[in-house]
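Morning, everyone. Please have a look first.

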Amino acid sequence: MSTTDLAIETRGLTKRFDGVTAIDALDLAVESGEVFGFLGPNGAGKSTTINVLLDFVSPTTGTASMLGLDVQAERKSLHQRIGVVPENYGLYDRLSGRRHVELAVEFKSASDDPDALLDRVGLSPEEASRPAGEYSTGMGQRLALAMALVGSPDLLILDEPTSGLDPNGARELRAIILEENERGATVFFSSHILEQVEAVADRVGILKDGQLAAVDSIEQLSQQLDGGAEVTLHVESEPQRKPTGLPNVRDIEVDDGVVRGTCLEPEAKLTFIDRVRDLATVSDVRIEESSLEEMFASYTTEDTADQDAEPAVAGGVEA
Amino acid sequence: MSVRTVARKDLADAGRSKALWAVTLVVVLFTAGITAMLGMATDQPVGEVFRLAFQLVVLTLPIVGLFLAKGAITGERESGSLRVLLSLPPSRRDILLGKFLGRTALMLVATLVGGVATGLVVVALLGGGFELLGPFILSLGLMGTAFVAIGLGISAVSASDGRATAFAVAVYLVLVVMWDLIEAGLQAGAAELGLVEAGSHPAWLQFIGLLPPNQAAIAAYETAVSGGVFATDPFTSVWLPTLVLLAWLVVPVGAGYLRLRNADIA
């Protein structure tokens, strides 16, 4: 794949602040036309990565480009073609919502109708006329999104776009993300909340300690973790032997009037239930899917215990 | 294109700031008021009253200039609106220049109102001195813009609005309040070291005395009204102080840009 097919590409991207490494030799590749969810717990380096991509912060080493343009050297032509909702953005308290969108239109030399964009993000004409200083967090978030949509950008970068939105607003945001993607835009958005990403993202990248812990589609990531589904069958009388010949069912146990097994694929669940019913009378079935939350947690928190433990020991020694 | 849009945005936004207009109004009223009292209480010629009014205005107008500009960048940095601007096409240079244009326009409005009000008070009370109004307002306009440039430079290098305010106060104290003392100290120190004769005032010392924009503005005004436009001695000409004032427009903004260019906007 050539560089120009990538909407975002970083190579060996490293940023250190006063000796603290925020991102560590990050190689990130987001393909044109995809919706990419950038996940990770707070402090993993998501914001620093996006700050470097937007040239808010200079990298210590490494390179970053978007739409084939260097994020620093070709910043101006790049920023004509991207739309951004930055994290911790601020609005001009004394300017109206409409004026904000008009500004973005002017800066991008675009021809969008500000009122149409404001309507699209769910701000009424009356709200659009009010100074942004009177906006709630959710209204501000909608306004920021309207500004990002100006000029039909080839790449949308949304940093924690759902913070401050109510569930209804979050749903509308997802709809807009999908519409923009349908139009041909690449969407790159970060979140520390998995469920907001899984609904729309084609692929996700999980960042941990400044490095990519995983990049793949959500289905693939779930399978790699082979969490499977735990199927628990209550039986009236325990079967004499464990069911056999079930390659996709692991850890089969017979115990206390219950037959339990971990099914690695959907069909295995049915086969498992059928085989147990051949052996005993099943009175109840319970299935627990390993959730994406667990998957996310397994990628991002497995070392947390170590991290908690190490400073305690080191601190104890030094003190 | 971007520079102009930033400037117009800034005018619209900062122009609606009540605090900025309140400070401007207080300074203008204070200056025009004291000048009026001066004009009524004295039987001095109109030129002398203008001179005294000028000496007064150069103390007050720098406060307006510094106050107008010191939050131009830090304010947007603290509110996060700088992140919005920088997400759009304008570069840091565009933003700094646009802010300079916008705040200078505000400053010139304030100067024009203040200068014209003060000048008119003198003309009205003493009848005459119209010909002094031009140099009076021109020198003040240039000086006001120089302090906007200094305030903007301060804003560009400061990480927070609080620091920018402290920096601006320190600059006001050094350039406006204490410069005579600093100059006298330098003179005494140089005499002590035997570099100059005690009590003498060599050219380099005169030049140091001319460095602050307020001092340069006084020199520019006085040399202009006393016919120094065609003088050959730099210290009695209007050109040297004008060049000093022009340097104050460029240097602080340039230095501010060098810092802002590499700053992390996190």
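Chain A holds an open sheet of 4 strands, in the order S12-S13-S11-S14, with antiparallel pairing. Strands here are DSSP runs of E, at least two residues, and helices are runs of H or I, at least four, both numbered from the N terminus. Two strands pair if DSSP finds at least two bridges between them.

This is a predicted model: local features need pLDDT of at least 70, side-chain atom pairs count only at pLDDT 80 or more, and totals for chains, interfaces and linings use all residues. Residues are numbered from 1 along each chain as its sequence is written, while chains are lettered from A and ligands numbered from 1 in the order written.

Axes are lines fitted to C-alpha atoms, for helices over the stretch in contact, and angles run from 0 to 180 degrees between N-to-C directions.

Strand S11 (residues 229–235) of chain A pairs with S14(A) over 7 bridges, in the antiparallel sense. In S14(A), A:Val282 is the bridge partner of A:Val235.

What packs on the sheet? Helix H10 (residues 266–279) of chain A does, touching S11, S12, S13 (258–263) and S14 of chain A. The direction of H10 makes about 20° with that of S11(A). Contact means C-beta atoms, placed from the backbone, within 7 Å.

Now the whole chain. Chain A has 12 helices and 14 strands.

Last, the interface. The contact takes 24 residues from chain A and 21 residues from chain B.

Key
Two residues are in contact if their C-beta atoms, placed from the backbone, lie within 7 Å.
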